[in-house]
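Me: I would like to learn how to read the features of a model one at a time, with the general idea placed before the particular case wherever there is one.

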Amino acid sequence: MAKHAEATLDTICNTLLSYYPDAKVDLVRKAHEFASHAHRNQKRSSGDPYIIHPTEVAQTLAELKLDIPSIVTGLLHDTVEDTDATLEEIEKLFGRDVAELVDGVTKLNKITFKTSEEKQAENFRKMVLAMSKDIRVILIKLCDRLNNMRTLEHLSSAKQKTISQETLDIYAPIANRLGISWLKIDLEDLCLRYLHPDAYYKLAQKVSKKKTEREDYTDEVAQILHEKLGEYDMRATVSGRAKHFYSIYKKMERRSADFDQINDMIAFRIIVENITECYKALGVIHATYKPVPGRFKDYIAMPKANGYQSLHTTVIGPHGERVEIQIRTQEMHNVAESGIAAHWKYKEGKFDSSSRENIEWVHRLLEWNKDLLDPNEFMETVKIDLFAEDVFVFTPKGEVRELPHGATPLDFAYAIHTDVGNKCVGAKINGKIIPLKHRLKSGDTVEIITSPTQTPSKDWLKIVKTSRAKAKIRAYIKTQERDRAHQLGKELLERSLKAFDRTIAKAEKSGEMLRAGQDFQVRNLEELYIAVGYGRILPEQILDQVVPKEEREAIRKARKDADKEEAPSFLKKVFASAQKRSPTKNAIIVSNLSDVLIRFGRCCNPLPGDSVVGFITRGRGVTVHTATCAKGLDNDQERRVEVRWNIQEKGNIVRIVKIRVVSIDQPGLLALMSQTISACAVNIASANIRTTKDKKAIALFEVQVPDTGQLQKVLSALEAKQGVILVERVRS
């Protein structure tokens, strides 16, 4: 798919007329005029007139062969968000259909959010609701994101990385879910360019060096395949291409291999006339070249969730090179390239939504939208759920279930029913009892063994892969924790009231307890007791509301017990190990609490610059996790407190972070890496290196850095060194 630097109103109209000759382009011209006027005083970060952006978005939509309302929305998508234009004005001039699409892609800019994560989650929730009603919303958003990624060089490095990470986590997987492979590839390669620039340009250089050699090999194999298929009177189109940069990068990362060790970088595509010839062509290929065991996948018999169909096989081709081959029909190829857009039909110039199939995942997103209130948990669930699912297993009755790679019997159990998952004690795979952490493979027949006394445990969260299973386990555990907090909170309040001859029952009956809780924004008594149980509200604070100060003093005086005024504070019980220190000297500031012991989660090892959240831990102060830490998400959000890095202490905070470097095993490389780290003004606390049988070296450094910015400099500097294959921050 060509890039759209030269997009104009005329190119949009000509592209539209090429697949829809009867299209009335007047509305498109009117929309372009409206957008040009609305954005007349605006410039992009590059300095170009802003209208270039919506024009290029509309051009991409036209190349996807979308309908007129979609293209019009592409031109208008930023008018409501960035100009004085209103939705009412859009509806009056362009119709309700366009107005609803514009509203669907418009961000929630007029609402104040506590954190950037909350803002991201709520904007995505809005988009999920909109695309559940009309899938065109997400296609417009994808084209918008693609153009933003293509012009990202004009933004700051920090913004480049933030936008690229969001694109890699959310938008590229959505493009994949919709089956639009070219769009997914473009987004992934652009993300790699900004997230790992040194790796990207090093890869580009190496791919370019081997271009001629690769083209010669591609021509040779394509010619052989074409001749072999011709011997069986098969009319086929054979083409070969190099895999895209991100795909190669992930292979290098997954295998801890250098570029020269990746030998299956060319994929061949064979397009035949019908399904029968797909399998016939497969037989011809396997008779010509030796297939690699375990590398055959039949996506024709069992299509991917996005509707993708093809036969995949890897063979040992000429000169001993591994060659990946995909076999499909022309119709399958159209779906593989354009995804859901390939199914669209046009009736009298209107979009026909009757063929909106293979988008069950949108409905799953809707389910998470309703069930998961915490923004971090919602976004983490979305990220897990969006990735491709291509493990096919069977129930004992022969029904097919589709699960992600790495899924376990527990995932299968929760896919059947929540109760089956909660009561799961074991499983049989193909008739043989296996452990719950066993990874499922395509073709497995799975039978779940349950027990009425079984309940989920936190350890299960380390086993399961699917977002559904994680959400159900977390929900059960949080319910149990809430019940315990409710009981503890009630006991603590009962004890505090008893000291002043009061009881909870009387305070509840008189309404004093509820009125006291309402001062802390709790809606009912259950929430009040849970908040006290978790330590968010102290019993003394409720006591102040229920028992008047004069009455408390009179009781104390009557008992002649001066020590009662120095009764152990609940705060001391909750934060027993807290050290007396000025809050301003802490690396972390905790809202509404002072003199609190701060602990950092070892699971994610937060660093200044990371988005963080805190959780009250009874007896151990507040534990700080990164906003996306899985263990943080496993905690009950009732225990969550707002935390932030202490900017005043910036420069005085130094944290130890682990870095893992995979490289070619060669003399002097450890010294070179140590020098590189030191050159970034970073101290090395420890270094450990080991070698592998395949002549690689794996180095683990502990470095002292003040923030994520300095860490990124170290990672980039190491990544740029010759012989280095992979550099990553170790979270645990």
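This is a predicted model: local features need pLDDT of at least 70, side-chain atom pairs count only at pLDDT 80 or more; totals for chains, interfaces and linings use all residues.

Me: Is alanine 172 buried or exposed, and which residues is alanine 172 in contact with once its neighbours within four places in sequence are left aside?

Reply: The reasoning goes through a cut-off: a residue is called buried when its relative accessible area is under 20%, and alanine 172, with a value of 1%, is therefore buried. With the neighbours within four places in sequence set aside, the contacts of alanine 172 are Thr167, Lys184, Leu187 and Glu188. A further pair to look at is alanine 172 and arginine 145, which stand 27 residues apart along the chain and whose C-alpha atoms are separated by 9.7 Å.

Me: How many helices and strands does the chain have, and what percentage of its residues count as buried?

Reply: The chain contains 30 helices and 23 strands, and of its 732 residues 51% count as buried. Among the contacts in the chain with a separation of 6 or more, 67% are between residues 24 or more positions apart.

Me: Which residues have the most contacts inside the largest nonpolar core?

Reply: That core, the largest one, has 76 residues, and those with the most contacts inside it are Leu16, Val28, Ile71, Leu76, Ile90 and Leu142.

Me: Where is the place of threonine 73, and is threonine 73 buried or exposed?

Reply: Threonine 73 sits in helix H4, made of residues 68-76, and with a relative accessible area of 0% it is buried. Beyond its neighbours within four places in sequence, threonine 73 is in contact with Val98, Leu101, Val102 and Ile140.

Me: Turning to sheets, in what order do the four strands of the open sheet stand?

Reply: In general, the strands of a sheet pair through backbone hydrogen bonds, either parallel or antiparallel. In this sheet the order is E15-E17-E16-E18, and the pairing is mixed. Strand E15 (598-600) and strand E18 (640-641) are at the edges and have a single partner strand each, so one side of each is left without a neighbour in the sheet. Strand E16, residues 612-616, pairs with E18 in the antiparallel sense over two bridges, and phenylalanine 615 has arginine 640 in E18 as its bridge partner.

Me: Where is aspartate 610, and which strands does its loop lie between?

Reply: Aspartate 610 is in the loop between E15 and E16, and at 13% relative accessibility it counts as buried. Its contacts, leaving aside neighbours within four places in sequence, are Asn605, Thr626, Trp645, Thr708, Arg729 and Arg731.

Me: What do E21 and E22 form, and how many residues lie between them?

Reply: E21 and E22 form a hairpin with four residues between them. Strand E21 (residues 683-691) and strand E22 (residues 696-705) pair in the antiparallel sense over eight bridges, with isoleucine 689 opposite alanine 699 in E22.

Me: How do I read a positive phi, and what is the value near which phi of aspartate 233 lies?

Reply: Most residues other than glycine have a negative phi. Phi of aspartate 233, however, is near 55°; this residue is in the loop between helix H13 (211-230) and strand E1 (237-242), and with a relative accessible area of 68% it is exposed. Asparagine 430 likewise has a positive phi, near 55°, and its place is in the loop between strand E11 (424-429) and strand E12 (432-434). In the turn of the hairpin of E21 and E22, lysine 695 has a positive phi of about 60°.

Definitions and conventions: Residues are numbered from 1 along each chain as its sequence is written. Side-chain values use heavy atoms; hydrogens and water are left out. A nonpolar core is a set of buried Ala, Val, Leu, Ile, Met, Phe, Trp, Tyr and Cys residues joined through side-chain atoms within 4.5 Å. Buried means under 20% relative accessible area, exposed over 50%, partly exposed in between (1.4 Å probe, protein chains only). Two strands pair if DSSP finds at least two bridges between them. Contact means heavy atoms within 4.5 Å.
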